[in-house]
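Please have the sequence and the model open while reading.

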Amino acid sequence: MGQYTVSTRKNVRILLVGDAGVGKTSLILSLVSEEYPEEVPPRAEEITIPANVTPEQVPTSIVDFSSVEQTEETLGLEINKAHVVCIVYAVDDDDSLDRITSHWLPFIRSKCNASLEGDAETEPETEAAGECLRKPIVLVGNKVDLIDYSTMDSVLAIMEDFPEIESCVECSAKTLHNISEMFYYAQKAVLHPTSPLYMMEDQELTPACKKSLVRIFKICDIDGDNLLNDYELNLFQRRCFNTPLQPQILDEVKAVIQKNVPDGIYNDAVTLKGFLFLHCLFIQRGRNETTWAVLRRFGYNDQLEMCQEYLRPPLKIPPGSSTELSHRGQQFLIAVFERYDRDGDGALSPEEHKMLFSVCPASPWSYSTDIRKSCPINDNGWVTLHGWLCRWTLMTLIDVVKTMEYLAYLGFNVHENDSQLAAIHVTRERRIDLAKRQSSRSVYKCHVIGPNGSGKTGLCRGFLVEEMQKLIGKEFKTNVVHCINSVQVYGQEKHLILRDIDVRHALDPLQPQEVNCDVACLVYDSSNPRSFEYVARIYIKYYAESKIPVMIVGTKCDMDERRQDYLMQPAEFCDKYKLLPPHLFSLKTNKKELYTKLATMAAFPRFQAAWILFYKHRLVQLWESAHLRQFGLIAEEHKLFWRAGLGVAAATMIGFIVLKTLNISGSHSR
Ligand code: GTP
Ligand code: MG
């Protein structure tokens, strides 16, 4: 089974209580020695069974209780330390059965409540504190060798009244009947508890369980028709249990659903209702571990929350490296997009976008104020596949943790049978790029800096639209600071992120994170004589000594160019500092080469010669064919690896097969 299908609990502590003489000590010794001990001490020593010999592969301690040797106070402490309590009665002794309700269950509840109150005042959270109110209980009827009837009916009635009872079992220490089962149930009550999944009183799944299963259903519904067909069920089965689903079993499962909930099957496929019913049935038949295995495979912890390790696996990013989507990450996101682009128009409408993120707690960005303003959209204002990948690329660079979280919510880990780390590519360190004067990255960050009103936002937005003229005169009131699109640099697609650095006051210093980027675009308004001074100051103060490539851009060049009130004119300034001559830009002329230029500078840091060659002589062809290949600038093809499947068929719980419930005689489990 996969890495996430097991409980996170590292050990299990089982306590046996019950009246004197019911056989607690005998049960423990029978389990350990596999034979019935004629003579037993009042109390067995605490034993710990190593993980590899327990059915759930978890080290398990078994603790005996003896009223002769121990006080009530010690018992209270033991109850709190235990993860599960087995209340033992003797099937031939009605008094011991009655005492379950008259004494033991209320006593255990009172001890747990007392400990909770105590905890609040004295110590902070203990491991047991949170779960105390619902300490799981297993009822154990010992000495079945002495009778020829069953006490199950009375016990089932007790179970109705006490939801903390997870299961019950009849056994005999003497004949060893159901002994290992009894300890297995106890272990299971801890590792695969019923109460987070199922409300006994209402005979229904808990809201949290239902919510999680709805998400799982949606993720597994690959073609998005709200049904799980045979193919999807098979894939689901393989992902959760690493085994294929036998066609005959699949038919049986569908027949069971059809019989119980007629609208659980539609067009020979399982509906959401049918899927939920199936899990309800697993639990009712005591096969919680099946539902738990599914939930854990999809990232849920014992509290049915998505666990941290699943959402945010540790990722090492050396300083100077950046994060991009890997080929697999992109393929996954394309598949998700296509699945939710229901009308197949190559764009996500607000409705489709909302549906897509319905398997997440919220959308990672707002549709109207973010995604539509930060990446390319179609004429309807809807995000295209290209825009969609751009937006993810942006998030991956600036907030990779969020990308990993959302990939997990969207089911990447399940689909790829791996963690989201496979979706992320960590680039090599920037200092290596600098030393080699070329970069292997494909996403670059450009900071757009300039005085108020110099046209920064227009320049950024111009990157996203076909016709920049339409932006002239627009007021850009929004908090969106990043715009992303792709450009071709020497025949390769590179993503360029433009970050609009908002300067409120000319004298405000820039923060390091505002300065650091792959290329800086310093913008002045060529029609305003007081505009260049700010740019010159910023350059001298922050960039003259840095290794960051800088481009000076004079905007609004469709208007009359004015002489700048500064000791040098922009062209002289650039000459003096060995910068490329100022690039004159206007939204009116609708020329996109500025963005290519910026991306090229970012891709070839400290390689002025290349930029100048590129721009002055336009020897693109030459560079592409000769030097670039020679320098290895053509990125490596993405290599896809097929992982050899570790086909270890764990012969334990197999999803649907459990419908064929093991019928352990004399036992009943929730
Ligand atoms: P205290 O330690 O006094 O609380 O009792 P206990 O619950 O530990 O019971 P113990 O194991 O000492 O067993 C009490 C008696 O019941 C002994 O004489 C056992 O031999 C007998 N006994 C225990 N289990 C079985 C069983 O499965 N079948 C039969 N027939 N007798 C049993
Ligand atoms: Mg004893």
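How do the residues of the shell around ligand 1 divide into nonpolar, polar and charged? They divide into seven nonpolar, six polar and five charged, where Ala, Val, Leu, Ile, Met, Phe, Trp, Tyr, Cys and Pro count as nonpolar, Asp, Glu, Lys and Arg as charged, and the others, Gly among them, as polar. This is a predicted model, in which local features need pLDDT of at least 70 and side-chain atom pairs count only at pLDDT 80 or more, while totals for chains, interfaces and linings use all residues. Residues are numbered from 1 along each chain as its sequence is written, chains are lettered from A and ligands numbered from 1 in the order in which they are written, and side-chain values use heavy atoms, with hydrogens and water left out.

**Ligand 1**
- Ligand 1 is surrounded by 18 residues, of which K24, T25, S26, Y36 and D145 are the closest; a residue is near if one of its heavy atoms lies within 4 Å.
- Helix α1 (residues 24-33) gives the most to this shell, with three residues; helices are DSSP runs (H or I, at least four residues), numbered from the N terminus.
- Polar contacts are pairs of N or O atoms within 3.5 Å.
- An oxygen atom of ligand 1 lies 2.7 Å from a polar side-chain atom of K24.
- The side chain of N142 has an N or O atom 3.1 Å from a nitrogen atom of ligand 1.
- K174 places a backbone N or O atom 3.1 Å from an oxygen atom of ligand 1.
- The protein buries 81% of the 650 Å² that ligand 1 exposes when taken alone, by the Shrake-Rupley method with a 1.4 Å probe.

**Helices α7 and α10**
- α7 (residues 230-241) and α10 (residues 288-297) pack at about 90 degrees with axes 9 Å apart; axes are lines fitted to C-alpha atoms over the stretch in contact, and angles run from 0 to 180 degrees between N-to-C directions.
- The two are therefore roughly perpendicular, a term for angles of 65 to 115 degrees.
- F236, R239, C240 and F241 of α7 contact T290, A293, V294 and R297 of α10, contact meaning heavy atoms within 4.5 Å.

**Helices α8 and α9**
- The axes of α8 (residues 247-260) and α9 (residues 272-284) come within 10 Å and cross at roughly 100 degrees.
- α8 and α9 are therefore also roughly perpendicular to each other.
- V253, V256, I257 and N260 of α8 meet G274, F277, L278 and L281 of α9.
- This contact has six nonpolar, two polar and no charged residues.

Technical notes:
Angles under 35 degrees count as roughly parallel, over 145 as roughly antiparallel, 65 to 115 as roughly perpendicular and the rest as oblique. A polar contact is a pair of N or O atoms within 3.5 Å; within protein, one must be able to donate a hydrogen and the other to accept it, and residues adjacent in sequence count only if both atoms are side-chain atoms.
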